[in-house]
Amino acid sequence: MTQPAVPPAVSDVYGVHGTDGFVISDDAARIDLDVVHGYLTRSYWSPGISRALVEKALRHSLVFGVYAADGAQVGYARVVTDRMSFAYLCDVFILETQQGKGLGKWLMEAVFAHPDLQGLRRFLLATRDAHGLYAQYGFTPLKSPDRFMERHDPDVYSRT
């Protein structure tokens, strides 16, 4: 008799406390969907994305929220991963009112220190304008871009 697949390991809530009362947490229940959707819908990478799709992506990813001392969410990152060999970093932002405080770098440090993201063979991301930030964490252009292919549908969000 075939054994059922083992569900993916889910870590206890991961949290990092910083200066000025800021906190980073991977507790998906704490994410403020209004903040995340509000930012993503006006971003260059997902303009007009529906709230339902943002919620679906959140449910199926490892997510990180950045919270101010008063509990308000001020940043976000999402990682699509099998937690064994592959991860894709996406939807990273710090609200404009909180930029310039080092929160983006701190968020990246917390993401890359997460216990479920250790020992991965490949960690990818796509960015239009933050190459310098991600280079600080070991990201480089693809070594063999000829090996990668994609199916790209830039208008998918406008049809949902």
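Is E96 buried, partly exposed or exposed? E96 has a relative accessible area of 46%, so it counts as partly exposed. The structure is a predicted model. The mean pLDDT of the chain is 90, and 92% of its residues reach 70 or more.

**Confidence**

- Strand β4 has the highest mean pLDDT among the elements of the chain, at 98.
- The lowest mean pLDDT among these elements, 84, belongs to strand β1 (residues 15-17).
- Residues 1-11 have pLDDT under 50 throughout. For this stretch the model has 7 contacts beyond four places in sequence.

**Salt bridges**

- There are 4 salt bridges in the structure. In general, side chains of opposite charge can pair when their charged atoms come close.
- D34 and R51 form one of them, with a distance of 2.4 Å from N to O. D34 belongs to helix α1 (residues 33-40) and R51 to helix α2 (residues 51-59), so the pair, 17 residues apart, links distant parts of the chain. R51 is partly exposed because its relative accessibility is 38%.
- R42 and E96 form another, and their closest N and O atoms are 3.0 Å apart. R42 lies in the loop between α1 and α2, whereas E96 lies in the loop between β5 (86-94) and α3 (103-113). The pair therefore ties together parts that are 54 residues apart in sequence.
- D91 and R78 also meet through their side chains in a salt bridge, at 2.8 Å from N to O. This pair connects strand β5, which holds D91, with strand β4 (residues 73-81), which holds R78; the two residues are 13 apart in the chain.
- Are D91 and R78 buried or exposed? D91 is buried, because its relative accessibility is 11% and the cut-off for buried is under 20%. R78 is buried as well, with a relative accessible area of 13%.

- Strand β2 (residues 23-25) pairs with β3 in the antiparallel sense over 3 bridges. I24 has V66 of β3 as its bridge partner.
- Strands β3 and β4 run antiparallel and are joined by 6 bridges. Here V63 stands opposite R78 of β4, and R78 is the arginine that also forms the salt bridge with D91.
- The hairpin of β3 and β4 has 5 residues between the strands. In this hairpin, G71 takes a positive phi near 90°.

**Nonpolar core**

- The largest nonpolar core has 40 residues. The residues with the most contacts inside it are F64, V79, L89, L107, V111 and F123.
- Two or more residues of this core come from each of α1, α2, β3, β4, β5 and α3. Helix α3 gives the largest share, 7 residues.
- Which residues does L89 touch, not counting those up to four places away in sequence? Among them are A77, R78 and V79, as well as M108, V111 and F112. L89 also touches F123, L124, L125, A126 and Y134.

Methods: Residues numbered from 1 in each chain as written. Predicted model: local features only at pLDDT ≥ 70, side-chain atom pairs only at ≥ 80, totals over all residues. Heavy atoms only, no water. Helix = DSSP H or I, 4+ residues; strand = E, 2+ residues; numbered from the N terminus. Buried < 20%, exposed > 50% of the residue type's maximum accessible area, 1.4 Å probe, protein only. Pairing = 2+ DSSP bridges. pLDDT = per-residue confidence, 0-100. Contact = heavy atoms within 4.5 Å. Core = buried A, V, L, I, M, F, W, Y, C linked by side-chain atoms within 4.5 Å.
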